[in-house]
Amino acid sequence: MRAAFTVALIVAFQVASASPRAAEPQVSANQSYDEFIALNSDARRERLGQMSPETIAALKRTHAERWFAAHGSRLSSAQVAVFVEALEFITVDRYAHPDDSGARKREVVLTHKLTCVLGTENTRQAFVLHLPPESAERPGWRSTVDAWLSWFFDCVTP
């Protein structure tokens, strides 16, 4: 049952992604996204500050959709549902009005929900465009314990 629900959500997500968005043009070509993501994190952060809301939304959606294409098959139905909710939040309006207090509050709640359901690292990898390159070094046991404790106190206890 869980697998069927997950497949249904993935199919719904893919159909929604494939449908045209009048207000949100996709990045003009994959090449544009690929060129952007090939920049170092400082250059990406700087470039984002110079882009239109339409371009930022398109880049962020493309980034998240590619992450989902690579990792979606290992997600539970609850994780897919939260991912889709977060993807729907990435709109041109969000970047055209970055100081909208209602949207900021929703973003904080959604980010908390994402980190509790997907985990901090998955959330960052899926939704942050200006991350530095991943270290080849695996985290030690202390950082793993710290991450689990943070998750427990942020997500399990009130």
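**Aromatic rings and salt bridges**

Visitor: F83 and F127, are they buried or exposed?

Guide: Both F83 and F127 are buried (under 20% relative accessible area; exposed is over 50% and partly exposed in between, with a 1.4 Å probe and protein chains only). Keep in mind that this is a predicted model, where local features need pLDDT of at least 70, side-chain atom pairs count only at pLDDT 80 or more, and totals for chains, interfaces and linings use all residues. Residues are numbered from 1 along each chain as its sequence is written, and side-chain values use heavy atoms, leaving out hydrogens and water.

Visitor: Thanks! How many aromatic pairs does the count come to?

Guide: There are 3 aromatic pairs, with rings of Phe, Tyr and Trp (its six-membered ring) pairing if their centres lie within 6.5 Å. One of them joins F83 and F127, at 5.3 Å centre to centre with 40° between the planes. That angle makes the pair tilted (under 30 degrees is stacked, over 60 edge-to-face).

Visitor: Which helices do F83 and F127 lie in?

Guide: F83 lies in α5 and F127 in α8, so their pair ties together parts 44 residues apart in sequence. Helices here are DSSP runs (H or I, at least four residues), numbered from the N terminus.

Visitor: And which residues form the aromatic cluster?

Guide: The cluster is made of W67, F68, F83 and F127.

Visitor: New topic: how many salt bridges does the structure hold?

Guide: It holds 5 salt bridges (a Lys or Arg side-chain nitrogen within 4 Å of a carboxyl oxygen of Asp or Glu). Among them, the side chains of E85 and K113 meet at 2.8 Å, N to O. E85 is in helix α5 and K113 in helix α7, so this pair ties together parts 28 residues apart in sequence. E85 is partly exposed at 26% relative accessible area, and K113 is partly exposed too, at 35%.

Visitor: Nice. Which residues are linked in a network of salt bridges?

Guide: R94, R104 and E107 are linked that way. E107 meets R94 at 2.6 Å, N to O. With E107 in helix α7 and R94 in helix α6, the pair ties together parts 13 residues apart in sequence. E107 also meets R104, at 2.9 Å, N to O. Those two both lie in helix α7, 3 residues apart, about one turn of the helix.

Visitor: What about R94, buried or exposed?

Guide: R94 is buried, at 9% relative accessible area. E107 is partly exposed at 26%, and R104 is partly exposed at 39%.
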